[in-house]
Amino acid sequence: MNGTERELKRVFVRTYGCQMNVYDSERITDALESSGYAPVDTPEAADLILLNTCHIREKAAEKVYSEIGRLRRLKDDAGDAGREVLIGVAGCVAQAEGEEIIRRAPAVDLVVGPQSYQRLPDLVSKARAGGRVVETEFAVREKFAALDRPAPRRRERYAAFLTVQEGCDKFCSFCVVPYTRGAEVSRSVAAIAAEARRLAAEGVREVTLLGQNVNAFHGEGPDGRDWGLGRLLFHLAGIPGIDRLRYTTSHPRDMDDALIAAHRDLDVLMPYLHLPVQSGSDRVLAAMNRRHSRADYLRIIERVREARPGMAIAGDFIVGFPGEEEADFADTMRIVEDVGYASAFSFKYSPRPGTPAANRDQLPEPVKTERLARLQEAILASQATFNASRVGMVAEVLFERPGRHPGQIVGRSPWLSPVQVSADAGLIGSIARVAITDVGPNSLFGHVVGKAGLDRPAVEATA
Ligand code: SAH
Ligand code: SF4
Ligand code: F3S
């Protein structure tokens with residue numbers, strides 16, 4: 001390495017989209033840190049600005065272009081001051097648009113798809129040397145191999161994500177993910193367990209397994225066979241220091257018996273399931289190519305709740321899908337009531353170029369807007385009912401950070417909801433038992449009643 005390369009540079013990464021991107025942004029920072037880039041919090045302070053983009057919403061690409069337009073001024077100002085600033089686009093818009101970004105946005109020096117982040121140090125050097133670089137190969141195995149090397153120590157924190165699977169073979173007719181992230185690939189159980197042990201050694205207490213379709217996980221087990229997510233969870237539950245496990249996001253088709261059994265048998269697996277349904281209408285589900293019915297979905301929820309009573313169910317919905325009639329939408333409203341969601345995301349359908357549904361007849365915008373408002377009202381009511389039902393319970397809370405007000409600390413309940421208590425900041429990083437006494441719109445309130453005990457359940461009703 002020569003003298004100029006050793007000079008300390010600074011990188012700013014802006015993250016959009018899903019948790020997979022959040023995880024990737026950390027890996028991007030790790031990869032660049034090892035080649036001399038210190039992470040900074042503002043684009044103004046950086047020599048390299050990376051946008052880690054998401055392509056799930058309409059006009060995502062347009063928004064990236066206007067963001068680049070704003071950053072271009074920063075780049076020009078820095079250039080006038082004799083400092084070179086590089087702009088890079090990563091993530092799903094990079095994968096989908098590729099060369100087009102270089103053509104349309106002269107300020108961009110580097111375009112890199114989600115499977116090539118391990119090559120970033122090289123790609124950045126090339127871009128610094130004056131070439132504009134586009135890298136959108138699907139080299140997911142190489143990416144996983146790079147993840148398997150020990151990552152540098154990260155910022156102290158107690159809950160972390162761990163990617164176990166990438167890509168999706170489901171091809172729901174509205175979704176770009178199979179195109180931007182490619183086919184399903186799973187990491188090996190050994191590699192995942194090694195990363196979990198490393199996280200535990202860094203003080204992480206809660207691990208959320210990540211994948212675009214996480215319960216389709218089928219990684220190579222220590223016995224050389226394919227293991228599913230259920231078996232993986234049993235394996236990870238044995239790692240000392242990992243006190244809580246979660247996984248996201250799942251597809252109803254892949255909720256198999258072993259995974260449901262894990263919810264029954266593993267105390268460390270939190271009683272929370274994010275299981276998107278998208279629509280409550282069988283006609284719309286078929287048009288979406290979801291490959292499950294409304295009854296299939298409800299049956300899964302019933303089985304999961306039998307396995308783990310009191311489970312929090314979260315969902316995703318799309319309203320105004322092509323062909324959705326008022327009767328179909330009424331089925332969606334009914335499923336919100338039937339399931340009693342603890343929380344749910346809801347979106348207006350937006351056509352994604354290249355996906356089958358994009359070419360179908362679209363519903364008028366006002367219809368979508370009006371249905372979304374009705375759905376969101378129902379979801380909020382459901383969330384309020386769920387939260388209210390927690391009052392009077394004692395639940396284990398993993399405290400993660402100071403609260404907004406002095407003397408307050410904030411953590412997560414087993415159901416993923418934020419919990420605020422007045423307590424000593426020394427509790428941050430530990431799990432304590434909290435009596436839930438009150439609810440706000442988005443969080444629970446309570447007071448600490450004791451330490452977490454291995455002999456006691458994570459949730460119990462107070463006498
Ligand atoms: N793999 C996950 C979802 C990934 S995308 C799953 O199968 O559920 C996250 C959410 O974005 C989806 O659940 C869906 O509700 C929403 N979404 C995806 N494509 C969309 C589109 N074209 N229009 C509106 N919402 C969309
Ligand atoms: Fe997209 Fe999820 Fe469907 Fe895969 S399962 S195509 S990621 S919505
Ligand atoms: Fe968006 Fe790509 Fe994630 S499109 S939701 S960043 S997989």
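Which residues have the most contacts inside the largest nonpolar core? Here are some friendly notes.

1. This is a predicted model, where local features need pLDDT of at least 70, side-chain atom pairs count only at pLDDT 80 or more, and totals for chains, interfaces and linings use all residues. Residues are numbered from 1 along each chain as its sequence is written, ligands are numbered from 1 in the order in which they are written, and side-chain values use heavy atoms, without hydrogens and water.

2. Leu 209, Leu 233 and Tyr 247 have the most contacts inside the largest nonpolar core, which has 50 residues. Such a core is a set of buried Ala, Val, Leu, Ile, Met, Phe, Trp, Tyr and Cys residues joined through side-chain atoms within 4.5 Å; buried means under 20% relative accessible area, exposed over 50%, and partly exposed in between (1.4 Å probe, protein chains only). At least three of its residues come from each of domain 2 (156-169 + 178-262) and domain 3 (271-389), with bounds from an automatic or database domain assignment.

3. A second, separate core of 23 residues includes Ile 49, Ala 78, Val 85 and Ala 107.

The residues around ligand 3 include Cys 18, His 55, Cys 92 and Arg 181. Cys 18 is partly exposed at 39% relative accessibility, whereas Cys 92 is buried at 9%.

4. No disulfides turn up in a search of the whole structure, a disulfide being a pair of cysteine sulfur atoms within 2.5 Å.

5. The rings of Phe 171 and Tyr 179 form an edge-to-face pair, with centres 5.5 Å apart and planes at 75°. Rings of Phe, Tyr and Trp (its six-membered ring) pair if their centres lie within 6.5 Å; planes under 30 degrees apart count as stacked, over 60 as edge-to-face and the rest as tilted.

Terms used: A residue is near a molecule or strand if one of its heavy atoms lies within 4 Å of it.
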